[in-house]
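Dear colleague,

Please find below the structure that I am handing over to you. My findings follow it.

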Amino acid sequence: MSLIPTFFGGSRGNIFDPFSLAIEGFPIANPPSSVHETSVFANAKIDWKETPEAHVFKVDVPGIKKEEVKVEVEEGRILQISGERSKEQEEKNDQWHRMERSSGKFVRRFRLQENVKMEEIKAAMENGVLTVTVPKEEEKKPEVKAIDISG
């Protein structure tokens, strides 16, 4: 008796090989290449934190050169980060056993708050991590005026 359940009564692949999973009734189909190229790399991992001084975005883009990444501002307050990793050129005498590194395009957009200095955005790439810093305007603290209490 198996301790690993089968889904929908179907067969299962080797549980130790995530590439062999198959569920009966749900064919595993290859999407069209244009969809595949756009979506494979689409979920580039991004961390967004807000500090008292700035919004800081860190994007994992291993294997991409800084020339292949764009940081743009759209419609005044929308930060767009995009890039593309090309497929490796194949030689006629090469034999591939497995190709797991993703290639394709990614685009991520973020609507920023009104308290940012869009004209002072800085970007830097180091060790496969793109860091985009969007400085914030200084908060105007309300003026506090002391009032004498008579009586």
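Helices (H or I, at least four residues) and strands (E, at least two) are taken here as DSSP runs, numbered from the N terminus. The chain has 1 helix and 7 strands, and their order from the N terminus is α-β-β-β-β-β-β-β.

This is a predicted model, in which local features need pLDDT of at least 70 and side-chain atom pairs count only at pLDDT 80 or more, while totals for chains, interfaces and linings use all residues. Residues are numbered from 1 along each chain as its sequence is written, and side-chain values use heavy atoms, with hydrogens and water left out.

Of the 151 residues in the chain, 21% are buried, that is, under 20% relative accessible area with a 1.4 Å probe, protein chains only (exposed is over 50%, partly exposed in between).

A contact means heavy atoms within 4.5 Å. Among contacts between residues at least 6 apart in sequence, 53% join residues at least 24 apart.

The structure also holds 3 aromatic pairs. Rings of Phe, Tyr and Trp (its six-membered ring) pair if their centres lie within 6.5 Å; planes under 30 degrees apart are stacked, over 60 edge-to-face, and the rest tilted. F57 and F110 form a tilted pair, with 5.0 Å centre to centre and 50° between the planes. This pair links distant parts of the chain, since F57 lies in strand β2 (residues 54-60) and F110 in strand β5 (residues 104-111), 53 residues apart. F57 counts as buried because its relative accessibility is 0%; F110 does so at 11%. Together with W48, F57 and F110 form one aromatic cluster.

Yours sincerely
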